[in-house]
Amino acid sequence: ICSLGMFGFFLLFLVLTKQQFPRLCTTREALLTKECCPLWEGDGSACGARSGRGSCEDAAVSDQPDGPQYPFSGLDDREKWPLVFYNRTCQCAGNFMGFNCADCKFGYFGENCNERRETLRRNIHHLTRSERNRLVSYLNLAKQTVSRDYVVATGTYREMGNGSSPMFADVSVYDVFVWMHYYVSRNALLGGPGNVWPDVDFGHWAPAFSPWHRVYLLHWEHEIRKLTGDTSFSIPYWDWRDAQGCDVCTDDLMGARSRQDPSLISPGSVFSSWKVLCSQAEVYNTRGVLCDASEEGPIRRNPGNHDQNLVERLPTSAEVEFTLSLPNYDTGAMDRTANMSFRNTLEGFGDPRTGLGSSSRLGMHAALHVFMNGSMSSVQGSANDPIFILHHAFVDSIYEQWLRRHRPAPSQYPESNAPIGHNGDYHMAPFLPLHRNKEYFISSKELGYEYSYLLNATTCLNTNFSVMLSFVGDLNVFASVFFLRLTQETGRRPTSRSLKQEHVSL
């Protein structure tokens, strides 16, 4: 592959010459003062201020206009995140990060966060048996362990009496992230049963889709490392290009199909005992309430038995390559109607063969969700299925390929007029610590991780570049000898005209 790519290059050359709600910030006092600046245990000061880790500051939000898709103001708790709940949060210094500046920025490790390290995300099919077993055991441990640091909101700020009556629930480390994905994508509650606005999503259908899910995966990875003490852990990816079915649906990976009920997971997999939450969007909308984080039954999955009119098959290599070829990150209204938009095509609402938005059939990222035909097929409840993590790791790798191929200027990410929640300076809901969308319009290497198949591609590129330089060097030597020989035989310095007339045998 490298040599073929290099041959094509030579031809061209020759022709052309954290998130959620920190437990410590969900007390009545914290909500009434609207301050989330917990003490760092290392020195007992808010945000670790005594140790220079950070300080408690006003949360600055952007005043840039949003797009027209959400015509309301002051009705949804995610608007101008996090101001409905908190107007002061920890702002961390240097390489420190976290809701109390206790953690390190992505890609940094050590007590003082001064150890730079790059982790490698690998193809799940390339893991050894012991690595597969470790992945499954880590996932199950996260599902069974109540989060020490975070809780999830079960009521709106208004239902909490503007902070006087906190409404939060304990959930597992894994389910914190299930809730986050539900919360970012849920309909806006406008007040009363059935009174919702469906055309809004703070993490999908618009430019922040790729940055939001990138941060989501980084925090998920970080929490697994904290839980297990395994700082080398990294998320594997599922390369689903040209797959004929769910080849990760085996009992040694994400669970095979149950023989008794094809919509359930085999009892031979630990995932068959998992219970889902926040998966009944229509029920919550009808009642006009938030998910209460209670268990709602087993994971459902019936891959391949989906609506063929909506999704023909899993995405192909050609479709991925077409998507990568699109030079504009987002276009037009920057929503599901966007034409020739890399983001919209990657997300699945742009046709992966034409680039036209509002496609009648879903492709790319969305196609995989529909293909799984179960818990994964509901946007709000999709993170209940652990395949979600593998799938989005691969989607993130495609985003990474696009960033490396096109090297977009920071200005390609929109500062204004994107759908609400998606402008560059908007803080991602519902993350605490705070992250702005445009901060993650950068390469994964700047965030401390790499993908194994991209690493191979980079190695190939570097090798080809070295060969090219050698080739150019040989041309220079050839030219020097040629001109010297011509000068010696003709007794004059060659001109462009004489080069056409003289014939020299070397």
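Two strands count as paired here if DSSP finds at least two bridges between them. With that in hand, I can go through this model, which is a predicted one.

I start with the strands. Strand β1, residues 21-22, pairs with strand β12, residues 150-153, in the antiparallel sense over two bridges. In that pairing, P22 stands opposite Y150 of β12. β12 also pairs with strand β13, residues 168-169, again antiparallel and over two bridges. There, V152 faces A169 of β13.

Next, an annotation. An unreviewed UniProt entry places "domain: Tyrosinase copper-binding" on residues 385-396. In the model, that span is 83% helix and 0% strand, and its end C-alpha atoms are 18 Å apart.

Now the cavities. Which residues line the second largest cavity? They are F209, S210, H213, R214, L217, H392, V395, D396 and Y399. By class, this lining holds four nonpolar, three polar and two charged residues. Two helices, α5 (209-228) and α10 (387-406), each contribute at least two residues to the lining. α5 gives the most, with five. The volume of this second largest cavity is about 50 Å³.

The largest cavity has about 120 Å³ of space. Its lining consists of 15 residues, and those nearest the centre are R313, E319, R353, L362 and G363. The whole lining of the largest cavity splits into seven nonpolar, two polar and six charged residues.

How values were computed. Residues are numbered from 1 along each chain as its sequence is written. This is a predicted model: local features need pLDDT of at least 70, side-chain atom pairs count only at pLDDT 80 or more; totals for chains, interfaces and linings use all residues. Side-chain values use heavy atoms; hydrogens and water are left out. Helices (H or I, at least four residues) and strands (E, at least two) are DSSP runs, numbered from the N terminus. UniProt positions are given in the numbering used here, feature names are shortened, and annotations may be inferred rather than shown by experiment. On a 1 Å grid over the protein atoms alone, a cavity is a set of points where a 1.4 Å probe fits but cannot get out, and a pocket is an open set with protein on both sides within 12 Å along at least five of seven lines; lining residues have an atom within 4 Å of a point. Grid points are joined across faces, edges and corners, and a volume is the space filled by probe spheres set on the points. Ala, Val, Leu, Ile, Met, Phe, Trp, Tyr, Cys and Pro count as nonpolar, Asp, Glu, Lys and Arg as charged, and the others, Gly among them, as polar.
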